[in-house]
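Thanks for coming. Please have the sequence and the model open while I talk.

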Amino acid sequence: MMDNKLTKILLAGAFAGLIGGSAVLAGQEIYQNYQVTHSKVLTSAKSSKKMSSSDTASTAYNKVANAVVSVINFKKNGSSYTESSEGSGVVYKKGDGSAFIVTNNHVIDGAAKVQILTNSNRTVVAELVGKDSMTDLAVLKVTDADDLTAASFGDSEKISVGQRVLAIGSPLGSEYASSVTEGIISATKRLVNADDSSNNSYGGSTVIQTDAAINPGNSGGPLINLAGQIVGINSMKLSSSSSGTSVEGIGFAIPSDQVVDIVNKLVKFGKVTRPALGISMINLSQVPADEQKSTLKLPTDVANGVVVYKVNAGSPASKAGLKKYDLIVGIDGQQVSTQADLREKLYQHKVGDKVKLTYYHGSEKKTVTVKLNQSLQS
């Protein structure tokens, strides 16, 4: 009976959220403001420019206005194309007459053709360079880019709660293109649950929370600081709580440090290959204290970690001997407190690498070496 009760708790917590599709999170469960470390940036595009007292919303907007575009998704309907949906994007790099644009994966998902609308009201057909459903990012390329400028990335590790930011994009479509809203950063690293449009669960995703107004159509547009630097890519909003209560002023953006890492990989490889343990997991903090003691049988002084609630057959974790209800607390000697911790540290490795996992099986603390295989997520 107790085992069944905990299984229901784990499954409820693991599949509470939805990312992608409409870019609106209904009933999303928001967890603690976890502090994690992002992957190192792989390009020199990230700027170290500091804000000055002369920076204003107007000057910041003007710096990036010609880099922000509307992104239009066309589906094939017989012999013709019909507009399916619209979102936003931002040019982050120009060279040899071409411009590279980052947007959300769900904005271009399933498109037969993608077209952009520039700030000067010009339409250009775009080429898909690569996409990644797990981070909800995609890169487009246009070769007719004379009226486009490139925005620069700021360091999302240096943002702070209360800092003023602007969201720029096309809320409700290109009719309202280049709209700008202002707000503050409400949380620098908020952990939300993440599924893709096919309901594949990706566990926790670490995002920036802001109260700047974000609406359908803003997806893929930049969240900028007052120095005019991209600190995040707007991806989703919370429209209602799990109880159905209407919610205002809770939007999310993918941190710029993560964006830079992913877009570089998409440009180079067209996709992102990730290592995997082959487990489903949930944070220990989501398991009631009595269940931690009675079902997980953990020592009373263990307060954080990641609970394994499913081990895939034939996976690296299975081969290493991990079982359901084991608690992972470390990887390569570094502490693991949450899913975000484990994912961040895991993704610093390559497929085929060996890692050392520290975990509890009941009250017994163990260490095991695991050889990583390739994740099925794309």
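This is a predicted model: local features need pLDDT of at least 70, side-chain atom pairs count only at pLDDT 80 or more; totals for chains, interfaces and linings use all residues.

Residues are numbered from 1 along each chain as its sequence is written, and side-chain values use heavy atoms, with hydrogens and water left out.

Salt bridges come first. Side chains of opposite charge can pair when their charged atoms come close. The term here means a side-chain nitrogen of Lys or Arg within 4 Å of a carboxyl oxygen of Asp or Glu. How many salt bridges does a search of the whole structure find? The search gives six.

One of them joins Asp-144 to Arg-122, with 2.7 Å between the closest N and O atoms. Asp-144 sits in the loop between β7 (137-142) and β8 (164-169), and Arg-122 in the loop between β5 (113-117) and β6 (123-132), so this pair ties together parts 22 residues apart in sequence. For the element names, helices (H or I, at least four residues) and strands (E, at least two) are DSSP runs, numbered from the N terminus.

Arg-122 also meets Asp-147 in a salt bridge, at 2.6 Å from N to O. Asp-147 is in the loop between β7 and β8, so its pairing with Arg-122 links parts that are 25 residues apart in sequence.

Now accessibility. Buried means under 20% relative accessible area, exposed means over 50%, and partly exposed is in between, using a 1.4 Å probe and protein chains only. Asp-144 is partly exposed at 37%, Arg-122 is partly exposed at 25%, and Asp-147 is partly exposed at 22%.

Another salt bridge pairs Lys-265 with Asp-261, at 3.5 Å from N to O. Both residues lie in helix α4 (residues 256-269), four residues apart, which is about one turn of the helix. Lys-265 is partly exposed at 24%, whereas Asp-261 is buried at 7%.

Next, two single residues. Is Ala-276 buried or exposed? Ala-276 is buried, because its relative accessible area is 14%. This residue belongs to strand β14 (residues 275-276). Ala-276 and Leu-372 are 96 residues apart along the chain, yet their C-alpha atoms are separated by 5.6 Å. Contact means heavy atoms within 4.5 Å. Leaving aside neighbours within four places in sequence, Ala-276 touches several residues, among them Pro-316, Leu-346 and Leu-372.

Asn-312 is in the loop between β16 (306-311) and α6 (316-320). Its relative accessible area is 31%, so Asn-312 counts as partly exposed. With neighbours within four places set aside, Asn-312 is in contact with Gly-278, Ile-279 and Ser-318. Lys-323 is eleven residues from Asn-312 in sequence, and 9.9 Å away in space, C-alpha to C-alpha.

Last, the cavity. On a 1 Å grid over the protein atoms alone, a cavity is a set of points where a 1.4 Å probe fits but cannot get out, and lining residues have an atom within 4 Å of a point. Two cavities of 30 Å³ or more are found in the whole structure.

Methods:
On a 1 Å grid over the protein atoms alone, a cavity is a set of points where a 1.4 Å probe fits but cannot get out, and a pocket is an open set with protein on both sides within 12 Å along at least five of seven lines; lining residues have an atom within 4 Å of a point. Grid points are joined across faces, edges and corners, and a volume is the space filled by probe spheres set on the points.
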